[in-house]
Structures are given as C-alpha cells and as structure tokens.
Amino acid sequence: MIARKKAGFTLIETILYVALATVILYIISSLYTAMITMQVKNRSLTDVTLVSEEALTHIVQTIRDARRVTAPEVGEDSTEISLDMHDDALYPTETISLLEGAIMIQDGSQPPIPITPANVVVSNLRFTNMSTEEPYSIRVTFTASVYAGGRADLYQHSAQGAQKE
C-alpha cells in the first residue's frame, strides 16, 4: 500500500504565515501612523505661519493708520503699543497687547478683541520703538504656537516686522 500525503499546511507553515502577515501589517500601520503625524505637523505649521502673518499684517496696518505712537517711547520697548488714531470722535486711541496667549486690539474704551484664534498661543510679544523722529519705526516680534493634540510646544513660528512710513 502506498501512503498518500494529505493536502494542506502544517502547523509550522501556518505559524510562519501568521508571523509574516503580522510583520507586514505592523510595518504598514507604522508607515500610516507616521504619515498621519507628518500631515498634522505640516497642517499645524501652515496654520501657525498663516495666523502669524495675518496678525503681523493687521498690527502693521494699524500702526501705519495711526497718527502717532504714544507708547513705547522712542528707544524703548514694551509688551503693548498705544496709538493715537486719526478718528478722534469714534476711537481716539488703539492699544495692541498680549492677553492670555492672544494678541488683543482695543479700540478706545471698547473691550479688547483677539486677532489670533484660540488654537494659537502667542508669547513674547514685544514692540520696540526704533524711531529717532517721524515717521515712526516700530519693530514687532512675537512667537506663535499652535495646539495640536493638546501640545503647543512642537509647532512654533516667530514673526517680526513693521514700520510706519
């Protein structure tokens, strides 16, 4: 009598196939996780850069629209800037400052309004009056961080610029 071999996989072959499939799935999931993390980082960096540029543009335009810089004094720096505006009847002064991680602009006696969104935290806001005479030359610097998954320390952008000409 001739012994016939049964068709199928042995236990060793099955274990090897399962181990190989596990390794392949692990590699694929690791690559997918890394791709998603990079996507979130790139989106966060883009967001914080755009918000910084928009805030800086708004600050620069407000300074340029002002009649006079009242604080900081020439040669000094400060965490806020006070401006005399052209429209004395409506809003004679404007103040730009940092409050609870947001850049705020206050028109006259109105309550301050944030010009940065809640998911962006701003720090180190400084206004330096570099003027010797009119026109005013003001340096504006700040650091903006975006919250991504509850962490604000990974995605930062520093911005600076401004002068009234």
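Five strands come together in an open sheet, lined up in the order β1-β3-β4-β5-β6 and paired in the antiparallel sense. At the edges stand β1 and β6 (113-114); each has just a single partner strand, so one side of each is left without a neighbour in the sheet. The model described here is a predicted one.

Going through the sheet pair by pair, strand β1 covers residues 66-71 and meets β3 in an antiparallel pairing over 4 bridges. Here Arg-68 sits opposite Asp-84 of β3. On to the next pair: β3 and strand β4 (residues 93-99) also run antiparallel, again with 4 bridges. In this pairing, Leu-83 has Glu-94 of β4 as its bridge partner. At the other end of the order, strand β5 (residues 102-107) pairs with β6 in the antiparallel sense, this time over 2 bridges. Met-104 is found opposite Pro-114 in β6.

Helix α1 runs over residues 11-65, which makes 55 residues. At 1.5 Å a residue it should span 81 Å, and its end C-alpha atoms lie 80 Å apart, so the two values agree. Several α1 residues are buried, among them Ser-44, Val-48, Val-51, Ser-52 and Ala-55. Further along the helix, the buried set also includes Leu-56, Ile-59, Val-60, Thr-62 and Ile-63. As a general point, an α-helix has 3.6 residues a turn, so residues three or four places apart point the same way.

The remaining strands to mention are β2, β7 and β8. Strand β2 is made of residues 77-78 and pairs with strand β7 (residues 120-129) in the antiparallel sense, over 2 bridges. Asp-77 stands across from Thr-128 of β7 in this pairing. Strand β7 is also joined to strand β8 (residues 138-146) by 8 bridges, and these two run antiparallel as well. One of the facing pairs here is Val-121 with Ser-145 of β8.

Conventions. Residues numbered from 1 in each chain as written. Predicted model: local features only at pLDDT ≥ 70, side-chain atom pairs only at ≥ 80, totals over all residues. Heavy atoms only, no water. Expected span 1.5 Å × (residues − 1). Buried < 20%, exposed > 50% of the residue type's maximum accessible area, 1.4 Å probe, protein only. Pairing = 2+ DSSP bridges.
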